[in-house]
Amino acid sequence: MKEIILCKYGEIILKGANKATFENLLLKEVRRRAAAIGNYSVRYMQSTVYVEPMDEDAELSIEDMYDQIKRVFGFAGICKAAACEKNMKEICKTTADYVSSSLPYGCSFRAEAKRSDKSFPLSSPEIAAEAGGAILRVRPDVKVDLKRPDVTVRIEVRDKAAYVHAGQDKGAGGIPLGSAGRGLLLLSGGIDSPVAGYMMMKRGLLLDALHFESFPYTSEPAREKVMTLAKELTEYCGRMKVHVISLTRIQEEIRDKCDEDYFTLLLRRFMMKLASRCAEENECSALVTGESLGQVASQTLQALCATETAATVPIFRPCIGLDKDEIVQISRKIGTFDTSILPYEDCCTVFTPKHPKTRPELEKILAEEAKLDFEALIEDAWNSRYAVTKYQFERKER
Ligand code: ATP
Ligand code: MG
């Protein structure tokens, strides 16, 4: 009996004339992952992607492939299914063999059939009734419950074959990676920014990352932590280029020349300016941050408005309306939480003011900024940049 993976489209179903663009990106992503695991055929038909092992090794690694597909944005649901010929004898035999061995003892089930091949001689209720009967013959302990079954067994009669499965997992949701263009994620070592990156990838944005460091005030392990987070995000996006820029001189100048209450805001304006430049140079059309309204003094509405004016590309803040524990939940789900809570310093926590302004006036910030040679500091920081690329499937790093 051949087991394959069926992946059902999510939002792409609603796309009109440009649906093919989304489908091609989706297929490209599944194929990229399949190539690293084994010999699989990946094709689509009727709003479903079929992933089929083409040799014994691939059959044995189907769990790994399934695990990879769980992270592909664009699918609403995925399941493993047994494929068989399109006749009732084969369908009943496959249903009895494939499904009945996985039904818990004494459970209730319901068989449901869908017939997208309308030339098939039996109707959907007839297919379901016969397949259900086949289960009862080999598993007398289970019973049928049409209203509230423990398990729903599905039989799909499609163009080329029939497929039998019980239980579908949720897909990653969202729209295919790359369908929304490119963005630049401001990646700190905290909990919020990896979550923000994940949320925007889910909406189709391919991301580069930018990390600001401040040696010797921030350490080597702090930077390594950020590289680990980037690597963890490649589980979703395949690869991520991390640009690193040093803010040391900027921070020292701010510390030496400006009013302490404005330290963080001034620094964040430098960050936005440098990030915009990095975005433009790397063909990224938006910045992505993990900011959440009211979370800290630099994330009040007034503070966000003041720092935003230093950016020259739009800023996406997908966590803006989330509570910290909602962000933590996503962070645990995507697997970045344990790294994020490692206790290393961030440049934003160096020289932090005792009484940061929560309702800053832009005029006053600009007056503080005028005490610095803004452009020269930007130029100096810009020249400190370098980049490292992380890959989901290990490759030699550039
Ligand atoms: P947490 O709030 O969980 O400690 P965070 O990453 O949200 O982590 P904040 O101080 O709230 O940290 O910073 C707000 C946002 O600014 C971050 O989400 C991130 O997008 C950006 N940011 C902060 N520090 C850095 C940094 N060192 N490099 C790049 N971006 C940063
Ligand atoms: Mg935060």
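1. Gln 295 is partly exposed, with a relative accessible area of 30%, whereas Asp 192 is buried at 9%. (Buried means under 20% relative accessible area, exposed over 50%, and partly exposed in between, with a 1.4 Å probe and protein chains only.) Asp 192, through OD, and Gln 295, through OE1, coordinate the magnesium ion (ligand 2) at 2.0 to 2.2 Å. This pair links distant parts of the chain, 103 residues apart: Asp 192 is in helix α6 (residues 192-202), and Gln 295 is in the loop between β13 (287-288) and α10 (301-308). Donors here are N, O and S atoms within 2.8 Å of the metal (3.2 Å for Na, K and Ca); water is not among the atoms, so sites may look incomplete.

2. A word on provenance: this is a predicted model, in which local features need pLDDT of at least 70 and side-chain atom pairs count only at pLDDT 80 or more, while totals for chains, interfaces and linings use all residues. Residues are numbered from 1 along each chain as its sequence is written, chains are lettered from A and ligands numbered from 1 in the order in which they are written, and side-chain values use heavy atoms, leaving out hydrogens and water.

3. On to the sheet. Six strands form an open sheet with mixed pairing, in the order β14-β13-β10-β11-β12-β15. Because β14 (315-316) and β15 (386-391) each have a single partner strand, one side of each is left without a neighbour in the sheet. Strand β10 (residues 181-186) runs parallel to β13 and is joined to β13 by two bridges; Leu 184 has Leu 287 as its bridge partner in β13. Strands pair if DSSP finds at least two bridges between them; helices (H or I, at least four residues) and strands (E, at least two) are DSSP runs, numbered from the N terminus.

4. Tyr 198 sits in helix α6 and Tyr 236 in helix α7 (residues 220-237), 38 residues apart. Both Tyr 198 and Tyr 236 are buried.
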